[in-house]
Amino acid sequence: MGRLAWRMIFAGLTLIGFILIISGCMPEKSSDEPTHEKQEQPIASVSLAREAQPLSTERIPYQPEVMAEGLNVPWALAIAPDGRMFFTERPGTLRVIQDGKVIEQPVLSFPPPFVEQGEGGLLGLALDPDFSINHYMYVYHSYGENGGIKNRVLRLVEQNNRARVDKVLLDNIPGNQNHNGGRLKIGPDGMLYITTGDALERERSQDRGDLAGKILRIQTDGTIPKDNPDSDSPIYSFGHRNPQGLAWHVETGRLYSTEHGQSAHDELNLIEPGANYGWSVIEGDTAEDGKKRPLMHSGEQTWAPSGILFVRQGPWKNQLLVANLRGEQLWKAELDQENLEKIVSLHSLFSGDFGRIRDIEEGPDGSLYFLTNNRDGRGQERPDDDKIIRLVSKN
């Protein structure tokens, strides 16, 4: 063989070797997943969407019974140490149940500038931790001003099932026909927590100088706690769309909240002071630095979650119950006791049996109480609506 032929063979082998070396450095690609698709995918993460599994009535350790009926959109329920049950009706009346009967005369009827429009009206209710001594009550309601809607928090004083306005604790909370928030709760720290909606102006939720789309925290005299994220502001967390539920874990004292999504993607959030929960920048599984993702969300389903409760005693102690409006159910979430950011199971209770459910509370004896809202303009009214349903332990 001539010298030229050997040179050609050697050059060919060198080229083949070089190609093989380069090929060995390249990542393998799946035959059913083209490389360009893999490069375009976001960082992989487990979806936070959950679907509630039905729980049969035989497996529910409570028996439902109607406690009150013929009510007009009851929104919030609070139980006094003496057993009286106070509740708000969205059209503007605060009422009481005593000795198992609804007292006909309202505890207080709200005159103008009170307004009820859309989702606005008389909403949240909370009783002072020292109610048996000072008889303080707190309510959240909508009012008209300069042709618009705002919301405010009042402190009332109750005596013999009648109440009067004692003090305006916080006003000028942005409002609208919808997205008014409205939940009031006293935390384990004795502070008053307040949820506000974005008032149909989504960009306001990200504005730290605006009270819309927030969870607020004030003292029961209306002053701002010094240990708030900003000692000059009532804002405790922000980036919310329309939060309507607040509850603290029985043992850890950590705060959880429910929130309405824009189109499904309703959320359960673990609330941390000063944190940003993303609306209107992110929702659902979307992640972005500096913004909290929910513990779970409803995916493409719509729950419209409202009042929530961590059960303090009985067979479901420490489990979370959530009232669903659009979902027409209660759902029960069990959290991992070693990791309270992980949902172990999610079950649906009484799906469709009672219609829209707005709030849920626990009585001193461990009985549970929830409110229907089928007369709120979005539900299908049933005979004798609306109702307060009591869940009595079967044991």
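A nonpolar core is a set of buried Ala, Val, Leu, Ile, Met, Phe, Trp, Tyr and Cys residues joined through side-chain atoms within 4.5 Å. Buried here means under 20% relative accessible area, while exposed means over 50% and partly exposed lies in between, with a 1.4 Å probe and protein chains only. Please keep in mind that this is a predicted model, in which local features need pLDDT of at least 70 and side-chain atom pairs count only at pLDDT 80 or more, while totals for chains, interfaces and linings use all residues. Residues are numbered from 1 along each chain as its sequence is written, and side-chain values use heavy atoms, leaving out hydrogens and water.

With that in hand, look for the largest nonpolar core, which has 37 residues. The members touching the most others are Phe86, Leu94, Phe110, Val153, Leu156, Leu192 and Ile194. Strand 8 (residues 122-127) supplies the largest share of this core, with five residues. Strands (E, at least two residues) and helices (H or I, at least four) are DSSP runs, numbered from the N terminus.

Which residues does Val153 contact, leaving aside its neighbours within four places in sequence? Contact means heavy atoms within 4.5 Å, and the partners of Val153 include Val139, Tyr140, Leu184, Leu192 and Ile194.

Now step back to the whole protein chain. It has three helices and 26 strands, and buried residues make up 51% of its 395 residues. Among contacts between residues at least 6 apart in sequence, 54% join residues at least 24 apart.

Next, find strand 18 (residues 267-271), where five of five residues are buried. In a regular strand the side chains alternate between the two faces of the sheet. Here both faces are covered: Glu267, Asn269 and Ile271 are buried on one side, and Leu268 and Leu270 on the other. Two strands pair if DSSP finds at least two bridges between them. Strand 18 runs antiparallel to strand 17 (residues 255-259), joined by five bridges, and Glu267 is the bridge partner of Glu259. Strand 18 also pairs with strand 19 (residues 296-297) in the antiparallel sense over two bridges, where Leu268 has Met296 as its bridge partner.

Finally, five strands form an open sheet with mixed pairing, in the order 1-23-22-21-20. Its edge strands, strand 1 (53-54) and strand 20 (305-310), each pair on one side only. Strand 20 pairs with strand 21 (residues 320-324) in the antiparallel sense over four bridges, and Ile308 has Val322 as its bridge partner in strand 21.
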